[in-house]
Amino acid sequence: MFVSIIQDIGITSLVSGGLALILVIAQRYLNDYGDCKIDINGKRLITLKGGSSLLNALSENQIFIPSACGGKGSCGTCKCQVLEGGGPLLPTEKPLLTTKEMTGNVRLACQIKVKSDVRIHIPESIFNIRRFQGVVSKIEDYTYDIKGVIITLTEPETIDFKAGQYVQLETPIYAKVRQKVGRAYSISSDPGNDRQIQLIIRYVPEGICTTWVHQYLNEGDQISFTGPYGDFFIRDTSADMIFVAGGSGKAPIKSILEYLSRVGTTRRMRYLFGARTCKDLYLTGEMHAFEQVFDDFEYIPVLSKPCPEENWQGRIGYVMPVFPELITDPANTEAYLCGSPAMIESVKKALIELGVPKDRIYYDSFG
Ligand SMILES: Cc1cc2nc3c(=O)[nH]c(=O)nc-3n(C[C@H](O)[C@H](O)[C@H](O)COP(=O)(O)OP(=O)(O)OC[C@H]3O[C@@H](n4cnc5c(N)ncnc54)[C@H](O)[C@@H]3O)c2cc1C
Ligand code: FES
């Protein structure tokens, strides 16, 4: 009896061990795509071992496609044209692509696996995006959940960017977080200072990058990022401008205003900043100071839920009802919006209803 139980256990262990071995061997061979080639714009050829995402394959070769969500398939910034070898469109890609993009072979680089030779087309400007190393020279608390971080560049020592663009911070492995991630942060400083960049980072509970910045990053630490990315910069026209921001959405608009104050402008500008209570306001004095610098500029903070003890004397409610008063010539107005996806959507809708042309509404959605 005892001998037969031992025999049974032995046979079961042998069978399951054999199956596990077959699985490992099968996985090894099934996922072995061999060497694959990526032809970029018909000008550059990369050879790599197949199996990684197109996004990672390119970044390992120092080609940095924007990837604001870090490859989670939620931002849609990693779009590129895959002319051959991309395989069928995936369900994870469809929600982020328009019909025109789908028929034009536009794909999400973070979702496609390189399993065979691939031919892609990317804008030439992407070749200017690179990796930077720097040192954290200053960390300031702006509010209970927003910090300003100044990075002094070390390699290379300067950066060329347009006011309004963003970089992607690369987090290290820290505490219980065993994966490195990349996250997008708008540069909040003037491009006139090309040796430093400032970022404004709001803490997201449980967020990988913001927890690292708020709880683990110290002045003097090394930091790396890629960039610059994005097309959220002011258009060179004479149209009126309305800026609308919430939370850390103040970052790129601060950069734009600092840039404009240096080069000068006579354009009519209004800046609405939406927050919940007085505790969510920051850099208010600095923003009002621009009223003395520009010919026609006004900064208007609007609080949705000011606490009675704060004795708030400013505007109360949401930013949208203020538009008709501030936007005097909608057809000749450019709008620059920055903040949460929900805020961007409702602001865009209200602006279009008022008569601001859809193609003059520019935004960075911090989703
Ligand atoms: C173009 C662009 C520019 C950006 N610029 C800035 C900037 O200047 N300053 C800034 O603070 N942020 C900015 N962001 C947002 C930033 O990239 C990160 O998404 C954010 O900081 C959260 O990163 P995390 O790694 O801490 O959180 P994750 O680890 O990515 O997320 C953790 C959890 O929180 C949720 N979550 C993620 N983001 C938010 C959010 N904003 N609010 C609520 N829940 C969230 C996720 O769904 C997830 O469940 C920008 C985003 C984009 C696309
Ligand atoms: S990196 Fe965000 S969708 Fe691909």
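I began with the largest cavity, whose lining I found to consist of D240, M241, I242, R268, R270, L326, I327 and T333. The model is predicted, with local features needing pLDDT of at least 70 and side-chain atom pairs counting only at pLDDT 80 or more, while totals for chains, interfaces and linings use all residues. Residues are numbered from 1 along each chain as its sequence is written, chains are lettered from A and ligands numbered from 1 in the order in which they are written, and side-chain values use heavy atoms, with hydrogens and water left out.

**Cavity.** I noted what the word covers: on a 1 Å grid over the protein atoms alone, a cavity is a set of points where a 1.4 Å probe fits but cannot get out, a pocket is an open set with protein on both sides within 12 Å along at least five of seven lines, and lining residues have an atom within 4 Å of a point. By this rule I count 1 cavity of 30 Å³ or more, and the volume of the largest is about 30 Å³, a volume being the space filled by probe spheres set on grid points that are joined across faces, edges and corners. Strand β12 (residues 240-246) gives the most to this lining, with 3 residues; helices (H or I, at least four residues) and strands (E, at least two) are DSSP runs numbered from the N terminus. By class the lining of the largest cavity has 4 nonpolar, 1 polar and 3 charged residues, where Ala, Val, Leu, Ile, Met, Phe, Trp, Tyr, Cys and Pro count as nonpolar, Asp, Glu, Lys and Arg as charged, and the others, Gly among them, as polar.

**Second largest pocket.** I looked next at the second largest pocket, which holds about 620 Å³ of space. Of its 30 lining residues, N56, E170, K180, V181 and G182 are the closest to its centre. At least two lining residues come from each of α2 (54-60), β8 (166-170), β9 (182-186), α4 (208-216) and β11 (222-229), and β11 has the largest share, 5 residues. I recorded the lining of this pocket as 12 nonpolar, 13 polar and 5 charged residues.

**Backbone.** The peptide bond from G227 to P228 is cis, with omega near -10°, and P228 is placed in strand β11. I also found a cis peptide bond between E155 and P156, with omega about -10°; P156 is in the loop between β7 (146-155) and β8. In the loop between β1 (35-40) and β2 (44-49) I came to N41, whose phi is near 55°, a positive value in a residue other than glycine.

**Helix pair.** Last, I checked the crossing of α5 and α6, which is left-handed, meaning that the near helix is turned anticlockwise from the far one by less than a right angle. The contact, meaning heavy atoms within 4.5 Å, is made by K250, K254, L257, E258 and S261 of α5 and M287, F290 and V293 of α6.
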